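The entries below follow the order in which I looked things up.

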Amino acid sequence: MADWVKVAGSLTAISAGSRTTVWGVNAASSIFRYTNYDANPWINIPGALSDI
């Protein structure tokens with residue numbers, strides 16, 4: 001069983017296809033992809049979405 005890890009930030013929607021394929025959208029419609037790197041766990045992806 002995998003343990004949950006709290007990551008700083010604020011997403012309004014999140015979608016996970018696998019442990020390393022995680023996407024999120026914040027209240028400003030910005031898109032983020034989880035990188036699994038401790039130094040920069042989320043990177044901003046160009047564009048905007050209302051849901052993911």
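**Entry 1: N26 and its loop**

I began with N26, which lies in the loop between β2 and β3; strands here are DSSP runs of E with at least two residues, helices are runs of H or I with at least four residues, and both are numbered from the N terminus. Before going further I noted that this is a predicted model, in which local features need pLDDT of at least 70 and side-chain atom pairs count only at pLDDT 80 or more, while totals for chains, interfaces and linings use all residues. I also noted that residues are numbered from 1 along each chain as its sequence is written, and that side-chain values use heavy atoms, with hydrogens and water left out.

Is N26 buried or exposed? I found N26 buried, at a relative accessible area of 16%, where buried means under 20%, exposed over 50% and partly exposed in between, with a 1.4 Å probe and protein chains only. The side chain of N26 reaches the backbone nitrogen of A28 at 3.0 Å; a polar contact is a pair of N or O atoms within 3.5 Å, and within protein one must be able to donate a hydrogen and the other to accept it, with residues adjacent in sequence counting only if both atoms are side-chain atoms. Leaving aside neighbours within four places in sequence, I listed S10, L11, T12 and F32 as the contacts of N26, a contact being heavy atoms within 4.5 Å.

**Entry 2: S29 in that loop**

I then moved to S29, which is also found in the loop between β2 and β3. S29 is not a glycine, and yet I read a positive phi of about 70 degrees for it. Most residues other than glycine have a negative phi. The hairpin of β2 and β3, to which this S29 phi belongs, has four residues between the strands. I recorded S29 as partly exposed, with a relative accessible area of 25%.

**Entry 3: the sheet**

Next I traced the sheet, in which four strands form an open arrangement in the order β1-β2-β3-β4 with antiparallel pairing; two strands pair if DSSP finds at least two bridges between them. The edge strands are β1 (13-18) and β4 (42-48), each of which pairs on one side only. Neighbouring strands of this sheet are turned by 20 degrees against each other on average, direction ignored, with axes taken as lines fitted to C-alpha atoms (for helices over the stretch in contact) and angles running from 0 to 180 degrees between N-to-C directions.

I went through the pairs one at a time. Five bridges join β1 to β2 (residues 21-25), the bridge partner of A16 in β2 is V22, and a hairpin with two residues links β1 and β2. Three bridges hold the antiparallel pair of β2 and β3, where V25 stands opposite I31 in β3. Five bridges connect β3 (residues 30-34) with β4, again in the antiparallel sense, and I31 stands opposite I45 in β4.

G24 is buried, with a relative accessible area of 0%. I also looked up G24 and L49, which are 25 residues apart in sequence and 9.4 Å apart in space, C-alpha to C-alpha.

T35 is found in the loop between β3 and β4, and I noted it as buried, with a relative accessible area of 14%. Neighbours within four places in sequence aside, T35 is in contact with N40, P41, W42 and I43.

**Entry 4: the whole chain**

Finally I stepped back to the protein chain, which has zero helices and four strands and follows the pattern β-β-β-β along the sequence. The radius of gyration is 11 Å, close to the 10 Å that the globule rule gives for 52 residues, so the chain is as compact as a globular protein of that length; the radius is taken over C-alpha atoms, and the rule is 2.2 Å times the number of residues to the power 0.38. The C-alpha atoms fill a box of roughly 30 × 20 × 15 Å, taken along the principal axes. Of the 52 residues, 19% count as buried.
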